[in-house]
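Hello,

Here is the structure I promised to pass on to you.

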Amino acid sequence: MNKMCYGNPPPGVKLENLRGALMVIEGADSSGRSTQIAELSDWLEQKGYAVARSGLTRSVLVGPDLDKAKEGNVLSPRTMSLFYATDFYDQLENSIIPALRAGYIVLADRYIFTLIARDSIRGGNPAWLDSLYSQAVVPDAVFFLMTSTRNLMERTLSTHYRLDYWESGMDLGLSRDWYESFILYQRRLRTEYKKLQRRYAFEMINANRSVSAIQKELRARVDMVLERIYRPV
Amino acid sequence: METIPGKLIAVEGLDGSGKSTQIHLLHQWLRGLGCKVFFSEWNSSEMVKGATRKGKKKQLLTPTTFSLIHATDFADRYERQILPMLKGGYIVLCDRYMFTAFARDGVRGCDPAWLRELYGFVRQPDITYYFRLPLETALGRILEGRPQLKFFEAGMDIGLSPDIFESFRLFQGKVKEQYDRLADDYGFTIVDATLPIPGQQAVVRRIFQERIDVARFRQRVQQ
């Protein structure tokens, strides 16, 4: 089955040439995404599949500038949206699509869904956001690591010993208290993700469990995707 | 969209159409009349320059990212300057506006509907002057000095021709087709850009006065 985009593909991209598998792991920071992706990646390579990884703000084109912009907190929400979209499409066209063309499994550490959720909370127009990201390739699976806000808070504090400005939604002025703002912000994000879940058919994974239990479930689900795409191997 | 006290004026046209000269003269006239007026240029920020430099060197920019970088830059300028100035009752003069993106990115193969939605947050100008002239005249004005053409300016990224001058010709021809179509869709005010400069400016000022009550924009307080 051919890959699809949500709308028209980017100029010059031939979807029928994309033979690999695109799997997205979504979830809040500290929900354990990167640990799970690292383990999945090793497991897949040991099985003989080539794996490429992608994530947000890693583009060569604007990644470093974007990180700098986040430090300064001087750009308007729309400018930030467009900056993130530029970063996303740079990676889509210059790393994800070439990897899919070469038959790789692409494990994406977050995708357009995080970007859409963050922007919606900040007053982004849903139709505008949909159109902005309409050239994205539809993933073969989206796994959402669902963690309770309480667990997120505990993991964040025990790993970093501090709260992150953006992950606490401090720019929204929900509360002057970072701890409280974090909780309010993560709650709003959850509501947004639930809306997206219905529209984009996420597979929800209960991430309030041990790393190995989550990994086991992910592998079973990934196997089903591989069956569909790489059969017969 | 809500009504706001300012007025938004844009000029569009091919490279070599003389639009920058004309908007400069319009700016001078309005200043002379003591109007609240603000001038803004397309694509002037460091961010765009940095990203296009990097993109060109590493051959990274695709039509989509090229378009998005310009939209990012424009959004910043629009929300930080253009819109507040309009709300503050200024006449805002824009040397190129979103139609430049529609024309150039359209030639690069971006989906027109996607482009229009991308710039969906932007106000339509009160007047868009389109300085129209035959392609050969525009090319002649630019190319007679054998200038240093820039890679993207000449459309080298879409592979029309390996020769930068030939690529520029072909690219400008396609941009003109886009502009002519946009002129209908968006009701551009067409100015014959082959006329002598003062003649064009007289037309520009007459149309301006017909559509906009200049007296309303006079500064009340002498600066």
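B:Leu195 is partly exposed because 15 other C-beta atoms lie within 10 Å (a residue is buried with 20 or more such atoms within 10 Å of its own C-beta, exposed with 12 or fewer, and partly exposed in between, with C-beta atoms placed from the backbone). You will find B:Leu195 in the loop between β5 and α8 (197-211) of chain B. From B:Leu195 to B:Leu133 is 9.4 Å in space, C-alpha to C-alpha, although the two are 62 residues apart in sequence.

Before you go further, please note that this is a predicted model, in which local features need pLDDT of at least 70 and side-chain atom pairs count only at pLDDT 80 or more, while totals for chains, interfaces and linings use all residues. Residues are numbered from 1 along each chain as its sequence is written, and chains are lettered from A and ligands numbered from 1 in the order in which they are written.

Chain B as a whole

Chain B has 8 helices and 5 strands (DSSP runs numbered from the N terminus, with helices being H or I of at least four residues and strands E of at least two). Their pattern along the sequence is β-α-β-α-α-β-α-α-β-α-α-β-α. The radius of gyration of chain B is 18 Å, which agrees with the value near 17 Å that a compact globule of 223 residues would have (taken over C-alpha atoms, the rule being 2.2 Å times the number of residues to the power 0.38). The C-alpha trace of chain B spans about 55 × 35 × 30 Å along its principal axes. Of the 223 residues in chain B, 39% are buried. Among contacts in chain B with a separation of 6 or more, 79% are between residues 24 or more positions apart (a contact means C-beta atoms, placed from the backbone, within 7 Å).

The sheet in chain B

In chain B, 5 strands form an open sheet with parallel pairing, in the order β2-β3-β1-β4-β5 (strands pair if DSSP finds at least two bridges between them). At its edges are β2 (37-41) and β5 (189-192) of chain B, each pairing on one side only. Neighbouring strands of this sheet are turned by 20 degrees against each other on average, direction ignored (axes are lines fitted to C-alpha atoms, for helices over the stretch in contact, and angles run from 0 to 180 degrees between N-to-C directions). Helix α3 (residues 63-87) of chain B packs on the sheet and touches β1, β2 and β3 of chain B, with its direction at about 160 degrees to that of β2(B). Strands β1 (residues 7-13) and β3 (residues 91-95) of chain B run parallel and are joined by 5 bridges; B:Ile9 has B:Leu93 as its bridge partner in β3(B).

Where the chains meet

Chain B gives 28 residues to the contact and chain A gives 26 residues. On the chain B side, α2 (46-57), α3 and α5 (112-118) each supply at least two residues, and α3(B) has the largest share, with 11 residues.

The sheet in chain A

Chain A also has 5 strands in an open sheet, with the order β2-β3-β1-β4-β5 and parallel pairing. Its edge strands, β2 (51-55) and β5 (203-206) of chain A, each have a single partner strand, so one side of each is left without a neighbour in the sheet. The twist from one strand to the next averages 25 degrees.

Best wishes

Note on methods: Contact = placed C-beta atoms within 7 Å.
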